[in-house]
2 protein chains.
Amino acid sequence: MALPRAARTQRRTRIQEEKEELILEAALEVFATNGFRGSTIDQIAEVAGMSKPNLLYYFRTKEAMHLALIERVLDSWLDPLREFDAEGNPVTEIRSYIRRKLEMARDFPRESRLFANEVLQGAPRIEDALMGPLKSLVDEKAKVIRAWAKAGKIAKCDPYHLIFAIWATTQHYADFDVQVRAVLGKDRAGEGRFEDAARFLEHLFVNGLAVGGPAAGGSSA
Amino acid sequence: MALPRAARTQRRTRIQEEKEELILEAALEVFATNGFRGSTIDQIAEVAGMSKPNLLYYFRTKEAMHLALIERVLDSWLDPLREFDAEGNPVTEIRSYIRRKLEMARDFPRESRLFANEVLQGAPRIEDALMGPLKSLVDEKAKVIRAWAKAGKIAKCDPYHLIFAIWATTQHYADFDVQVRAVLGKDRAGEGRFEDAARFLEHLFVNGLAVGGPAAGGSSA
DNA sequence: TGTAATGTTTACCAACCGGTTAAATTATCA
DNA sequence: TGATAATTTAACCGGTTGGTAAACATTACA
């Protein structure tokens, strides 16, 4: 009895595709804003416009909905880092990585918050993913960055903490959106904040990682 | 009937001080790791080593515990930014702000996660604090930073996004601790990670904000 | 020491929550 | 169209949750 009833039909139907999609969309909305424990099946059902037993016809448990969601989202969430190219120009690569991550924070804030909630609360349901695929990917890209530093193309720095810094600064605009808007105030909280953030962050990281920074000797001022 | 029974005694007793302290300490532990909705009074009671009705003798509702906690923590949480000194040397000020924030992430991760949970879930209970005291303080410090930039002491940049970047990068080590440890791996996840982070972040921000960096040109208006 | 004020516990309640059952309804297709 | 498979709903269940009432225990102090 490990499968929901919908998965035990003779064929996979059109209705199953549609409803499962609908449910995951609603689940994303609810889980992202309330966390796992803070979300109820009833809430998801209401957002999806379906009855609770009907959800449970497609997903056997609340956990199953969450798991399906995580699996679907995790992969696409790592895409920007995968595109990080060892052959490219370091400055260009870092700049476009920042831009892509910032675009994701703008266009898929719920996905970002879904993970943030999960990690913040100790990642009880995604620990494997963190220590497996995520760590492997980061390890791989860290090597690339280290090679760039060794070749003198960027300043010598800890590649892991560089990646953390890019994650933190970009996802901040999704995860802490309410705070960002509150601090910027009504007039500056429009969509333009993402362009401003991009400009600032690109400047920060490009300058910050440039070889032999100007702060090295007595600054020209 | 807005006050808990303990607050309706003739004098404030020693036991009240002690028990309220004990409860808030337990509440911090629980709220920080589970968020508001995900936490139960029973959990807090168990951590505090008291019975549930006993907690409710000191705090009328779960909300009241959370509110008392937020109020107590918010103030100290903003202290590092308050110390930010207009008269000081910009590089020194920024560097020590980063260091202080990083120390707080290391020494008070629960406080950081308490806010992160709250903001992440839309800040329903601290919106006033964000738009009031927090915004005022940031506005004030943003002016200082802008003045430094205008005087040519640091690169021209958006002071709000600079502050966001410092918040994001430092709090990351408290809020996303599980992820940081998972990615760094067992051998590098010791306490040394905070020193590594400090070294990287100081380099990043000091170089990144240095005037007329080597990658000069496209900086913000 | 006695007693009034303070503190703690036991027992309880109504609402909520995750999930099940079985019956009713709708879609599919020979 | 009718039979069968697929879908949906109403009713329900046991456990949990936030919170209360009232009896009981302890402390402070005259």
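Q: How do you know which residues B:Ile23 touches?
A: Leaving out residues up to four places away in sequence, B:Ile23 touches B:Ile44, B:Ala48, B:Leu55, B:Tyr58, B:Phe59 and B:Met65. Contact here requires C-beta atoms, placed from the backbone, within 7 Å. The model is predicted, so local features need pLDDT of at least 70 and side-chain atom pairs pLDDT 80 or more, while totals for chains, interfaces and linings use all residues. Residues are numbered from 1 along each chain as its sequence is written, and chains are lettered from A and ligands numbered from 1 in the order in which they are written.

Q: What makes a set of residues the largest nonpolar core, and which members touch the most others?
A: A nonpolar core consists of buried Ala, Val, Leu, Ile, Met, Phe, Trp, Tyr and Cys residues joined through C-beta atoms within 7 Å. Buried means 20 or more other C-beta atoms within 10 Å of the residue's own; 12 or fewer is exposed, and in between is partly exposed, with C-beta atoms placed from the backbone. The largest such core has 121 residues, and A:Ile23, A:Ala27, A:Ile44, B:Ile23, B:Ala27 and B:Ile44 touch the most other members. In chain A, 41% of the 221 residues count as buried.

Q: Why is α1(A) called roughly perpendicular to α4(A)?
A: The axes of α1 (residues 14–38) and α4 (residues 62–83) of chain A come within 10 Å and cross at roughly 95 degrees. Axes are lines fitted to C-alpha atoms, for helices over the stretch in contact, with angles from 0 to 180 degrees between N-to-C directions. Under 35 degrees is roughly parallel, over 145 roughly antiparallel, 65 to 115 roughly perpendicular, and the rest oblique. The pair is therefore roughly perpendicular.

Q: What makes up the contact of α1(A) with α4(A), by class?
A: It has 9 nonpolar, 1 polar and 1 charged residues. Ala, Val, Leu, Ile, Met, Phe, Trp, Tyr, Cys and Pro count as nonpolar, Asp, Glu, Lys and Arg as charged, and the others, Gly among them, as polar. A:Arg72 in α4(A) is one of the residues that meet there.

Q: How many helices and strands does chain A have?
A: Chain A has 10 helices and 0 strands. Helices (H or I, at least four residues) and strands (E, at least two) are DSSP runs, numbered from the N terminus.

Q: What makes up the contact between the chains?
A: Chain B gives 58 residues and chain A gives 56. α10(B) gives the most to chain B's side, with 10 residues.

Note on methods
Contact = placed C-beta atoms within 7 Å.
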